[in-house]
Amino acid sequence: MKYIEFDKDRELDLILMGRVAIDFNPIDYYKTLAESETYKKYLGGSPANIAVGLARLGKKIGFISKVSDDRFGDFVVDYFKNEGIDTSYISRAKNGEKLGLTFTEILNKEESSILMYRNMAADLSLDVEDVNEDYIKKAKALLISGTALASSPSREACLKALQFAKNTSTPVIFDIDYREYNWANKDEIAIYYSIVARDSDIIIGSRQEYDLTQSLIKTGLNDSETAALWEKAKIVIIKHGKKGSTAYTKDGLSFSIKPFPVEALKSFGGGDGYASAFIYALMEGYDIQKALELGSASASMLVSSHGCSADMPRIEDIIEFIKVEKQKYGESVSKA
């Protein structure tokens with residue numbers, strides 16, 4: 001069954017809103033941040049990674065954000081342009097705001113952590129004047145990242161885009177993408193997350209992220225009850241890390257997937273690969289189970305690589321990865 005109709009006549013496949021950052025991943029990994037001395041620079045930020053992932057998969061992508069008015073801002077814009085991503089609605093911060101910096105710590109194959117510097121973050125200075133209804137109407141879908149709701153004026157810009165999506169019958173994808181930085185308290189998180197979740201067609205998040213989203217509505221819900229809470233959503237994906245994930249659909253069905261077995265290098269980045277490949281598959285008309293398989297494969301590939309955006313796979317790479325994994329472990333390797 002096809003759960004969401006994407007307008008094939010629209011110029012862009014997806015417009016994303018939210019965080020753009022610079023990631024520094026250690027070359028001398030398996031050391032603490034205090035011990036690491038050498039890092040490699042990457043484009044980062046979950047929605048930025050997803051944008052690159054979808055562009056690598058052949059989709060036409062646009063991005064709405066603000067970046068710093070400096071060399072790092074140049075790096076982001078040039079990187080997006082080189083990936084074929086439309087940057088016409090990426091503007092420069094006006095008051096000295098800087099791109100967020102993320103330093104990652106890879107302690108071992110099972111344990112990684114992230115240290116973010118998000119004071120005066122450029123992406124959070126996105127204003128309502130930066131959002132245009134005609135631009136939203138160009139896209140088959142809009143993705144809002146939860147970190148963009150963390151403070152004003154970015155949160156109001158997202159809510160304006162959400163209204164424009166309603167006006168233009170543009171499906172909304174909400175990637176909850178919780179990061180504790182910039183939020184004042186948990187009530188604030190629940191208020192803004194739930195506003196966007198109520199009007200989203202697809203919601204993607206972890207169990208913890210859903211608990212934060214619904215904390216002012218109802219607590220103690222299991223996964224299927226959580227999915228039913230968001231009545232407008234056609235697809236609700238709830239992720240449980242290494243245990244896999246389940247997609248709940250509007251007709252009461254559920255589809256589950258497990259990660260493919262790989263030798264992981266790090267524990268971050270997989271979610272962005274998952275989201276990009278899953279969204280790609282939906283737009284290509286694949287069924288939910290196949291979309292989950294592509295998403296899980298992409299996630300497994302990302303956690304076994306050093307970078308995130310730079311290592312986003314192409315569709316032929318994902319298909320080959322799945323083929324090799326099934327030859328090695330059997331056809332049911334990823335089935336829950």
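**Notes on the predicted model**

1. Ser46, Asn49, Ile50, Gly53 and Leu54 in H1 are in contact with Asp272, Ala275, Ser276, Ile279 and Tyr280 in H8 (contact: heavy atoms within 4.5 Å; helices are DSSP runs of H or I, at least four residues, and strands of E, at least two, numbered from the N terminus). The model is predicted: local features need pLDDT of at least 70 and side-chain atom pairs pLDDT 80 or more, while totals for chains, interfaces and linings use all residues. Residues are numbered from 1 along each chain as its sequence is written, and side-chain values use heavy atoms, without hydrogens and water.

2. The axes of H1 (residues 46-56) and H8 come within 8 Å and cross at roughly 45° (lines fitted to C-alpha atoms, for helices over the stretch in contact; angles run from 0 to 180 degrees between N-to-C directions).

3. An open sheet of four strands has the order S3-S2-S6-S7, with mixed pairing (at least two DSSP bridges between two strands). S3 (39-44) and S7 (112-117) are its edge strands. S2 (residues 21-26) pairs with S6 (residues 100-106) in the parallel sense over four bridges, and Asp23 stands opposite Thr102 in S6. Helix H2 (residues 71-82) packs on the sheet and touches S2, S3 and S6.

4. The largest nonpolar core has 62 residues, of which Leu14, Phe63, Phe80 and Ile235 touch the most other members (buried Ala, Val, Leu, Ile, Met, Phe, Trp, Tyr and Cys joined through side-chain atoms within 4.5 Å; buried is under 20% relative accessible area, 1.4 Å probe, protein chains only). Its largest share, nine residues, comes from H8 (residues 270-283).

Conventions: Buried means under 20% relative accessible area, exposed over 50%, partly exposed in between (1.4 Å probe, protein chains only).
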